[in-house]
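Me: I have a structure open and want to learn how to read it. Can you take me through a few features?

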Amino acid sequence: ILSCSWSSGYSSDLQQALEDIGTGGRGGLGTLVFCAAGNDHGSPVSYPARDPNAIAVGASTDQGELASYSNVGPEIAFVAPSSGGVRGVFTTDVAYPNRGFNTGSAAAGGADGLHTSEFGGTSSATPLAAGIAALVLSARPGLSATQVRAVMESTCDRIGSGYDANGHSPAFGHGRVNAGKAVAAAKAA
């Protein structure tokens, strides 16, 4: 599983790498490549997230709404909770003085600066979704990348609106990821 919380301009080398690992990784089962959709306030999904070999992850708030900064489009597979609502994501931070999101503020995650409560964006939503994929594979290691993606998409919680007949929304993808439902579905497969 790869988690890419960055974007770039199109690259034929990167596109080829995504294709190669998507089909050849894990002994032919395929490597899952989760990519941040981008934080350009509703702009189209960034590259490489929009590549068909990537899994584009958007961001929702803790209030079950689309995060105002999240990019949107037909490539969005699903959203994961991030910042933009009442609460942000609390996580570890850079372990060097005066670097990272929290440079030593108790209000920002701790006076020691080792944690932050200010990490967000689709860059925060993406590793959360990748972690759920890891849980799915821990429950059923033989699933292909395509099967893991299908499990995650089919077990999303529908939030917001705008879903088509196939259960997809350009803003929310198939909805907000749900770890418990995804692992249960993988175990039942």
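This is a predicted model: local features need pLDDT of at least 70, side-chain atom pairs count only at pLDDT 80 or more; totals for chains, interfaces and linings use all residues.

Me: Which residues touch the most other members of the largest nonpolar core?

Reply: A nonpolar core is a set of buried nonpolar residues joined through their side chains. Here the largest one has 26 residues. Leu32, Phe34, Phe78, Val136, Val148 and Met152 touch the most other members.

Me: Which residues of α3 are buried?

Reply: They are Ala145, Val148, Val151, Met152 and Glu153. Next, look at what covers them. The cover includes β2, β4, α2 and α4.

Me: Now a loop. Where does Thr31 lie?

Reply: Find the loop between α1 (12–24) and β2 (33–36); Thr31 is there.

Me: Why does Thr31 count as buried?

Reply: Buried means under 20% relative accessible area. Thr31 counts as buried because its relative accessibility is 15%.

Me: What does Thr31 touch, leaving out residues up to four places away in sequence?

Reply: Thr31 touches Ile1, Leu2, Ile21, Gly22, Gly25, Arg26 and Ala145. Ala145 is also one of the buried residues of α3.

Me: How many Å apart in space are Thr31 and Thr103?

Reply: From C-alpha to C-alpha, they are 35 Å apart. In sequence, 72 residues separate them.

Methods: Residues are numbered from 1 along each chain as its sequence is written. Side-chain values use heavy atoms; hydrogens and water are left out. A nonpolar core is a set of buried Ala, Val, Leu, Ile, Met, Phe, Trp, Tyr and Cys residues joined through side-chain atoms within 4.5 Å. Buried means under 20% relative accessible area, exposed over 50%, partly exposed in between (1.4 Å probe, protein chains only). Helices (H or I, at least four residues) and strands (E, at least two) are DSSP runs, numbered from the N terminus. Contact means heavy atoms within 4.5 Å.
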